[in-house]
Amino acid sequence: MFELSPTDWMAIEVTLKLAIYTTLILLVIATPIAWWLANGRAPGGLRTTVQALVALPLVLPPTVLGFYLLVLLGPAGPVGSTLENMGLNHLAFTFQGILIASVIYSLPFAVQPLQQAFANLGRRPTEIAGSLGAGRMDRFFTVVLPMSRGGFIVAATLAFAHTLGEFGVILMLGGAIPGETQVLSILIYDHAEAMNFDAAHRLSLGLLVFAFVVLFVVYAINRRFDTVRL
Amino acid sequence: MSQPVSNGLRIKARLERSGFALDVDTAIPLEGVTALFGRSGCGKTTLLRIIAGLEHPPGAEVHFGDTAWQCGKTLVPLHRRRVGLVFQESTLLPHLSVRGNLLYGYKRTPEPLRRLHLDEVADLLGLTELLDRRADQLSGGQRQRVALGRALLISPDLLLLDEPLNALDTQTKREIMPFLARLSDRTGIPTLLVTHAPDEVERLAHRVAFMHDGQLERLEPLRDALARADSPLFRDEGAVSVLQGELGPADTHGLHPFGPPEARYRVPSTPGATNGAGRPARLRIEARDVSIALSPPQDVSILNIIPVTIESLDEAPGHHGPARILATCRQQDGQTLIAELTRLSTERLGLQPGTRAHALVKSVAFLD
């Protein structure tokens, strides 16, 4: 019953790799965006625009996002063709391609908890740290990060979990190349399509249990920090 | 105005926000405590934020002595200004212990610039026992003392205190006041204290900058600010006089002499106040506790009868009911004492500017 095929293992590997990379990249990208949204002094119009752009993946059907990324990153798209002209490969149907897609697709799940945490924090702690001689980066690592720990934990978890569950975007952009773009959700779909319900069930149940355990552990830890709840 | 300041703190700023305009062009001497006094919303906090570099409206200029903090394209960022900040609400970093908070800025201060060290600051502010506590285990008053200590430990060139006592209850305020009063004398760090509480000004300040509607109306020594019957300091709680002088040793009745022989008070020691003999002290006298007699009365219970000359008689501002007169009196040592009288007694005694009289002071209070 719990025997996994080599294809299954490959899909698990791709999925975990994708989720981990996506989470790491998102923490780096989402932090400044969230900080700017929470504390920025930019005109309101620009902020609203960025806020809406970040939230787009929440409402768009994943296929729409996947479609445009395919157009953009594929051999005929502006990004894809530029890469080809530079002697590199275009990004459709590649791991890098679905990594970019995942990052965009999960962006709101990382930005929003961080923005909330930064808004709760307010400006005062960084003002104080600044007056005490701490420069920008120093302030971030010694004040913002420890004081918004809960927000970072929630952001990382949601980004990770959301990437695990990704389907439409990857289907559009990545296809199902084993070892490259075939993630669990797609493989489960393929198993079910092929009437291979046992295989689909093994992976689905595994994913279900894994997702629950991750969320449970993280929320249990986060309860102690108590800064951001969703 | 005090002496012209070439190397003081010069600020020029113009700022408009919805329903509020700040327009300030002033120079503040860099010594002792300057109170920035005014009602809430008059712009004092904004002014303080501009000085600190937390806000830098275009066109504003801030010079600290010879150093331009903000001028044209020059903008020294907050963390390079070496300004100690204390706000009204607790700003301790919750993930650090008291020691961690105190040393946060100290560690970031270049060694040659460190003039104050942990032990002496902890001692000065009574923090030695608290060093290993967590920030959230402290009372409100303790937190403010730690915040003060933390600011001091960067050995700042300037201390900016934004209503540091405002969030504290009266009892706690009373506990912290002596610490604050000691600060500038002991450390020599020029201090700007934003406040709307007259008692804080009377107790802590050497000079007062009055702010009103985004403008700095006047900057004057505390003594002058208290010598005007229409002083904004008196608006809410009535006129008071603050006398500065030296306190002598207690006599057999437990009374301390205060001030020079020609204006000598005898004051009881108040419990709690540290009125050790031979040190400078401030005496606070409410105008309504002062009466005037033309000749020195012989058989009254009042101990303090001080010869004065009437300088001016003004209608007490903001008074309803029977008209009250504030008589500004000059003591023979030059200090000012204000008496609150009814118009009737003023007329009966025929008081005029220049009249020689005696002030009967019913009660006094120590400020430190």
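Helices H6(A) and H7(A) are roughly antiparallel to each other, a label given to angles over 145 degrees, while angles under 35 count as roughly parallel, 65 to 115 as roughly perpendicular and the rest as oblique. Their axes come within 10 Å and cross at roughly 155°. Axes here are lines fitted to C-alpha atoms, for helices over the stretch in contact, and angles run from 0 to 180 degrees between N-to-C directions. H6 covers residues 124–131 and H7 residues 136–147 of chain A; helices (H or I, at least four residues) and strands (E, at least two) are DSSP runs, numbered from the N terminus.

This is a predicted model, in which local features need pLDDT of at least 70, side-chain atom pairs count only at pLDDT 80 or more, and totals for chains, interfaces and linings use all residues. Residues are numbered from 1 along each chain as its sequence is written, and chains are lettered from A and ligands numbered from 1 in the order in which they are written.

On the H6(A) side the contact uses Pro125(A), Thr126(A), Ala129(A) and Gly130(A), and on the H7(A) side Arg139(A), Thr142(A), Val143(A), Val144(A) and Met147(A). Two residues are in contact if their C-beta atoms, placed from the backbone, lie within 7 Å. By class, this contact has five nonpolar, three polar and one charged residues. Ala, Val, Leu, Ile, Met, Phe, Trp, Tyr, Cys and Pro count as nonpolar, Asp, Glu, Lys and Arg as charged, and the others, Gly among them, as polar.

Among the contact residues are Phe109(A) and Leu114(A) of H5(A), and Phe152(A) and Leu158(A) of H8(A). The contact of H5(A) with H8(A) divides into 10 nonpolar, seven polar and no charged residues. Chain A as a whole has 11 helices and zero strands, and its C-alpha atoms fill a box of roughly 65 × 45 × 30 Å, taken along the principal axes.

Chain B meets chain A through 18 residues of chain B and 13 residues of chain A. On the chain B side, helix H2 (78–81), strand S7 (83–86) and helix H3 (98–107) each supply at least two residues. The largest share, three residues, comes from S7(B). The side of chain B that touches chain A holds 10 nonpolar, six polar and two charged residues.

Within chain B, the domain assignment (automatic or from a database) gives domain 1 (9–225) and domain 2 (240–366). Their C-alpha centres lie 33 Å apart. Four residues of domain 1 of chain B are in contact with five residues of domain 2.

Chain B also contains an open sheet of five strands in the order S16-S20-S17-S18-S19, with antiparallel pairing; two strands pair if DSSP finds at least two bridges between them. Strands S16 (290–293) and S19 (336–342) of chain B stand at the edges with a single partner strand each, so one side of each has no neighbour in the sheet. The twist averages 45° from one strand to the next. S17(B) (residues 304–315) and S18(B) (residues 324–331) pair over seven bridges, and Glu315(B) has Ile325(B) in S18(B) as its bridge partner.
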